[in-house]
Amino acid sequence: MNIIFLGPPGAGKGTQAKRLETRYGITQISTGDMLRAEVKAGSEIGQEAKALMDAGKLVPDSIIVSMLEARIQKPDCGKGFILDGFPRTVAQAEALDIVLQRLGRKIDVVLMLEVDENALADRVAGRFSCAKCGASYNDVSKPTAVGGTCDLCGSHDFVRRADDDRETVTSRLAAYRKETLPLLPYYEERVTVSFIDGMAPIDEVSKQIDSTMMEIEKITQK
């Protein structure tokens, strides 16, 4: 099954994508991680991307889509893939559709995480992670079990992203509304879109997604 997560930054797309990956054996694909891996490997595409980034330029959609096309043909994507940071624009969605059609694949469902923007700003501003193992936490919704101690590795060192402040979040939300939200009507015309209450507790969000997955599996098996 091939899945796209939509929702504003900080809505929990990455968290839920990881849960889906673990539960269903569907590979989560992060275009950012994929890009960094190509650069590190020194591939032809990676070298081209690195040259652009070193020059302070954005990596064009054509390069990202080429990397994505190669990535989804790897064996670990045989059962499907999950995209939680791509596409970000209608142009990227159109390019992705062309690739999938060429490969004889399609998007089965779009999971739209709906959130309250004011509450989301508070949520994002409270994010922090373990500097040692990368485990994610939140001051309000997911604090460590023992104050100042990572639940997974026991480290006492934590980090916060410099751009996780209310002003930056507000700016990112404005960009999301302008560039990414138009993807919703685009996909509503083409594929099943399931609306998920992203403000619910993490486990409840997962239950909503599981319910959608069961319905989609029923449809695809007919």
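I started on the outward side of α2, where Arg36 and Lys40 are exposed. This is a predicted model.

Next I checked the other side. Within α2 (residues 31-41), I found Thr31, Met34 and Leu35 buried. They span an arc of only 100 degrees around the axis, so they lie on the same side of α2.

What do the buried residues of α2 pack against? I find β2 (27-29), α3 (44-54) and α4 (61-71).

I then took α3 by itself. The axes of α2 and α3 come within 7 Å and cross at roughly 105 degrees. The two helices are therefore roughly perpendicular to each other. From α2, Leu35, Glu38 and Val39 meet Gly46, Ala49, Lys50 and Met53 of α3. By class, I note four nonpolar, one polar and two charged residues in this contact.

Just after α2, I looked at glycine 42, which takes a positive phi of about 70 degrees.

Then the sheet. It is open, has five strands in the order β2-β3-β1-β4-β8, and its pairing is parallel. β2 and β8 (192-197) are at the edges with a single partner strand each, so one side of each has no neighbour in the sheet.

I picked one pair to inspect. β1 (residues 2-6) and β3 (residues 81-83) pair in the parallel sense over three bridges. Isoleucine 4 has leucine 83 in β3 as its bridge partner.

Last, I noted that helix α1 (residues 13-24) packs on the sheet and touches β1, β2, β3 and β4 (109-114). The direction of α1 makes about 160 degrees with that of β1.

Definitions and conventions: Residues numbered from 1 in each chain as written. Predicted model: local features only at pLDDT ≥ 70, side-chain atom pairs only at ≥ 80, totals over all residues. Heavy atoms only, no water. Buried < 20%, exposed > 50% of the residue type's maximum accessible area, 1.4 Å probe, protein only. Helix = DSSP H or I, 4+ residues; strand = E, 2+ residues; numbered from the N terminus. Arc of directions from axis to C-beta. Contact = heavy atoms within 4.5 Å. Axes fitted to C-alpha atoms, helices over the stretch in contact; angles between N-to-C directions. Parallel < 35°, antiparallel > 145°, perpendicular 65-115°, else oblique. Nonpolar A, V, L, I, M, F, W, Y, C, P; charged D, E, K, R; others polar. Pairing = 2+ DSSP bridges.
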